[in-house]
Amino acid sequence: MRFSAIVLLAVLLVLGCKNAARAGDGEIFSVAVGDFKISMLSEAQRESGLDILIGASPEDIAKFIPSGQYPLAVAAYLVQSPDGAMLVDTGFGREIGRHLKSLGAADDDIKTVLVTHAHGDHISGLTKDGAAVYKNAKVIVAKREYSWSADLRKHLASYKDSHETITPGALEAGGTEILPGVYAIEAYGHTPGHTMFLFESRGEKLLIWGDLTHAMAIQMPRPGVSVTYDSDPAAAAKVRQAVLKYAAENKIPIAGMHVAYPGIGDISIDPENPGGYIFAGKAK
Ligand SMILES: [Zn+2]
């Protein structure tokens, strides 16, 4: 009797732990970067297919995506710092508000929204029914992207004067500092003004690379593979190769809007695959 009670208790504990892990798993993942707390806020974790790939050989597909499906996320990032809260992109705006609440931040606490580029899965959350969602925020976006995207200009009209266009710096120069510890780096190709944001605090760094990749399963071993979402697939491939080399050589952790949970991890050169890289997600 006593033994079965212990077994029952053990089973309940295991089930309880499993449920506890499942509740938030795949939705939010946070790391500390010096004084910044940076969190991946997931809107979707799903599988995507081969139809969006450009330049993947049948041999590479057989080797790296044998099932024909690979993981793809839709996410935005929250950066909490002593100076206030920033969002990097807004996702579709379906889940971000709920995630902010669970991290102790309200929409009105967001002081800055940094925009990587103007696709709908990154900027739709800027407005709801034509009104600004982040009423106290200034939106910062590359001048080139602002000029290119009518959709972005429409969203920003709701922010009246509370937006600013910037010129990101070159990767080799480490970008341009736009706020204390926040550097904008050009990564044109996915869109004409696609911009990455590097966060640096107390010697620690994290590069949020926007849509540098969509299919990590094949774009890590074969960075030359682009996707149909890239407005200039050749330029996107070139910048992807340069950024991967930069992140690996300088040991800078990365985060991406379409990198599957946890969305944040480390890049290293694959010694057995010339020109290829390995991504290791941070421990969950
Ligand atoms: Zn995207």
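In this predicted model, D211 is buried, and H258 is buried as well, where buried means under 20% relative accessible area, exposed means over 50%, and partly exposed means in between, as found with a 1.4 Å probe and the protein chains only. Residues are numbered from 1 along each chain as its sequence is written, and side-chain values use heavy atoms, with hydrogens and water left out. As the model is predicted, local features need pLDDT of at least 70 and side-chain atom pairs count only at pLDDT 80 or more, whereas totals for chains, interfaces and linings use all residues.

D211 is placed in the loop between β14 (204-208) and α7 (216-219), and H258 in the loop between β16 (254-255) and β17 (264-269), so that the pair ties together parts 47 residues apart in sequence.

The secondary structure of the protein comprises eight helices and 18 strands, helices (H or I, at least four residues) and strands (E, at least two) being DSSP runs numbered from the N terminus. For 284 residues, a compact globule would have a radius of gyration near 19 Å, and the 20 Å of the protein agrees with this; the radius is taken over C-alpha atoms, and the globule rule is 2.2 Å times the number of residues to the power 0.38. Along the principal axes, the C-alpha atoms fill a box of roughly 75 × 50 × 40 Å. Buried residues account for 50% of the 284 residues. Of the contacts (heavy atoms within 4.5 Å) between residues at least 6 apart in sequence, 63% join residues at least 24 apart.

Eight salt bridges are found in a search of the whole structure, each being a side-chain nitrogen of Lys or Arg within 4 Å of a carboxyl oxygen of Asp or Glu. In one of them, E27 is paired with R98, with the closest N and O atoms 3.1 Å apart. This pair links distant parts of the chain, as E27 lies in the loop between α1 (2-24) and β1 (28-33) and R98 in helix α3 (residues 96-102), 71 residues apart. E27 is partly exposed at 25% relative accessibility, and R98 is likewise partly exposed, at 43%. A further salt bridge joins the side chains of K138 and E164 (2.9 Å, N to O); K138 lies in strand β9 (residues 138-142) and E164 in strand β10 (residues 163-166), so the pair ties together parts 26 residues apart in sequence. K138 is partly exposed, with a relative accessible area of 36%, and E164 is partly exposed at 30%.

The salt bridge between R240 and D230 has its closest N and O atoms 3.4 Å apart, with R240 in helix α8 (residues 233-249) and D230 in the loop between β15 (226-227) and α8, 10 residues apart. R240 counts as buried at 0% relative accessibility, and D230 is buried with a relative accessible area of 4%. Salt bridges that share partners also join E27, E95 and R98 into one network.

Several features of the loops complete the description. G26, in the loop between α1 and β1, is buried with a relative accessible area of 14% and, leaving aside residues up to four places away in sequence, touches M40, S42, Q45 and Y261. The peptide bond from Y261 to P262 is cis, with omega near 15°, and P262 lies in the loop between β16 and β17. K160, although not a glycine, has a positive phi of about 50°; K160 is found in the loop between α6 (150-157) and β10 and is exposed, with a relative accessible area of 63%. R202, also not a glycine, has a positive phi of about 45°, lies in the loop between β13 (195-201) and β14, and counts as exposed at 65% relative accessibility.
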